[in-house]
Amino acid sequence: MQIEVCYSPNSFHLFQNPNAIVVVIDVLRATSAITTAFYNGVSKMIPVATVDEALVYKEQGLMVAAERDGEIVNGFDLGNSPFGYMNTRVKGKTIAITTTNGTQAIEAAKASKQVVIGSFLNMDTLIYHLKKEKSPVIFLCAGWKNKFNLEDTIFAGAIAQALIYKHGFNTECDSAIAAMELYKLAKHDVYGFLANSSHRNRLSKLDLERDINYCLTPNQCPVLPVLEGKFLVKMELPKHDLLVNSKILNT
Ligand code: MLT
């Protein structure tokens with residue numbers, strides 16, 4: 001049960017492992033928005049890499065979310081703010097989504113054995129699933145335009161640490177070790193640790209401080225989105241698992 005951390009969708013080809021579950025991470029904000037969407041009753045999502053692909057779904061009459069550089073793309077129904085999905089109008093809907101980095105990472109990983117969506121919002125649910133599956137895990141950080149970012153790496157380090165120290169996983173991957181070291185430095189105040197980080201500053205300039213705080217708050221949405229073909233859907237956890245999981249969440 002080896003853990004690896006890939007810092008950029010561009011490097012994902014170096015990490016191929018046909019037995020691995022891939023966890024796509026874009027804490028600010030794509031995977032947080034997707035997790036929130038499913039927690040609020042969205043039925044399916046279709047992640048696409050380009051605005052042109054998203055437009056095709058819009059022309060077919062689907063609800064479509066499109067974000068570039070932190071802002072909603074003109075003419076689309078939704079952007080990438082988790083708060084946009086806390087609304088009854090999304091309940092039961094299928095929503096296509098394209099974002100600057102998050103959906104690029106999903107695209108890079110889509111041929112993997114299993115692709116799940118990770119964020120602080122669903123971290124204990126994610127740990128519970130990975131622990132149960134006992135497979136190798138690759139954390140794929142969306143980063144920013146194929147560059148490293150702090151928030152995705154810190155989150156990968158948090159989950160890697162939990163799996164290694166509590167659940168019998170291990171690692172021989174230097175980027176996983178570095179991610180865990182960063183998490184150790186950041187864990188008492190992730191928001192403060194990110195004070196000078198590029199995307200926290202980018203979102204602050206767009207007056208999205210509320211989004212940052214929400215996305216960094218653990219376990220608000222105990223659901224696990226998983227890729228099935230071209231759709232993201234909510235993984236059905238057996239009743240027993242949900243009970244155990246809610247026990248985890250309440251301790
Ligand atoms: C992305 O996918 O690039 C990000 O989530 C950007 C954002 O904050 O909207």
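The side chain of threonine 36 reaches the backbone oxygen of serine 32 at 2.7 Å, a polar contact in the sense of a pair of N or O atoms within 3.5 Å, where, within protein, one atom must be able to donate a hydrogen and the other to accept it, and residues adjacent in sequence count only if both atoms are side-chain atoms. The model is predicted: local features need pLDDT of at least 70 and side-chain atom pairs count only at pLDDT 80 or more, while totals for chains, interfaces and linings use all residues. Residues are numbered from 1 along each chain as its sequence is written, and side-chain values use heavy atoms, with hydrogens and water left out.

Threonine 36 belongs to helix H1, residues 30–39; helices (H or I, at least four residues) and strands (E, at least two) are DSSP runs numbered from the N terminus. Threonine 36 counts as buried because its relative accessibility is 0%; buried means under 20% relative accessible area, exposed over 50%, and partly exposed in between, with a 1.4 Å probe and protein chains only. Leaving aside neighbours within four places in sequence, threonine 36 is in contact with Pro82, Tyr85, Met86, Leu121, Tyr214 and Cys221, contact meaning heavy atoms within 4.5 Å.

The side chain of threonine 36 reaches the backbone oxygen of serine 32 at 2.7 Å. Such a polar contact is a pair of N or O atoms within 3.5 Å; within protein, one must be able to donate a hydrogen and the other to accept it, and residues adjacent in sequence count only if both atoms are side-chain atoms. The model is predicted: local features need pLDDT of at least 70 and side-chain atom pairs count only at pLDDT 80 or more, while totals for chains, interfaces and linings use all residues. Residues are numbered from 1 along each chain as its sequence is written, and side-chain values use heavy atoms, with hydrogens and water left out.

Threonine 36 belongs to helix H1, residues 30–39; helices (H or I, at least four residues) and strands (E, at least two) are DSSP runs numbered from the N terminus. Threonine 36 counts as buried because its relative accessibility is 0%; buried means under 20% relative accessible area, exposed over 50%, and partly exposed in between (1.4 Å probe, protein chains only). Leaving aside neighbours within four places in sequence, threonine 36 is in contact (heavy atoms within 4.5 Å) with Pro82, Tyr85, Met86, Leu121, Tyr214 and Cys221.

Helix packing comes next. Two packed helices are described by the angle between their axes and the distance between the axes. The axes of H4 (residues 123–133) and H5 (residues 150–167) come within 11 Å and cross at roughly 45°. Axes are lines fitted to C-alpha atoms, for helices over the stretch in contact, and angles run from 0 to 180 degrees between N-to-C directions. H4 and H5 are therefore oblique to each other; angles under 35 degrees count as roughly parallel, over 145 as roughly antiparallel, 65 to 115 as roughly perpendicular and the rest as oblique. Residues making this contact include Leu126 and Leu130 of H4 and Phe155 and Ile159 of H5.

H4 is mostly covered, with 8 of its 11 residues buried; among them are Asp124, Tyr128 and His129. Lysine 134, which follows H4, has a positive phi near 50°. The C-alpha atom of histidine 129 is separated by 8.7 Å from that of leucine 237, 108 residues apart along the chain. Leucine 237 is found in the loop between strand S10 (231–234) and helix H10 (239–249), and is buried, with a relative accessible area of 10%.

H5 also meets H6 (residues 174–186): their axes come within 7 Å and cross at roughly 100°, and the two helices are therefore roughly perpendicular to each other. Gly157 and Ala160 are among the H5 residues in this contact, and Ala179 and Tyr183 among those of H6. H6 also holds serine 175, which counts as buried because its relative accessibility is 14%. A polar atom of the serine 175 side chain lies 2.6 Å from the backbone oxygen of valine 5. Not counting residues up to four places away in sequence, serine 175 touches Val5, Tyr7 and Phe15.

Finally, the cysteines. A search of the whole structure finds 0 disulfides, a disulfide being a pair of cysteine sulfur atoms within 2.5 Å. For cysteine 141, the nearest cysteine sulfur is that of cysteine 6, 7.3 Å away; cysteine 141 is buried, with a relative accessible area of 1%. For cysteine 173, the nearest cysteine sulfur is also that of cysteine 6, 8.9 Å away, and cysteine 173 counts as buried at 9% relative accessibility.
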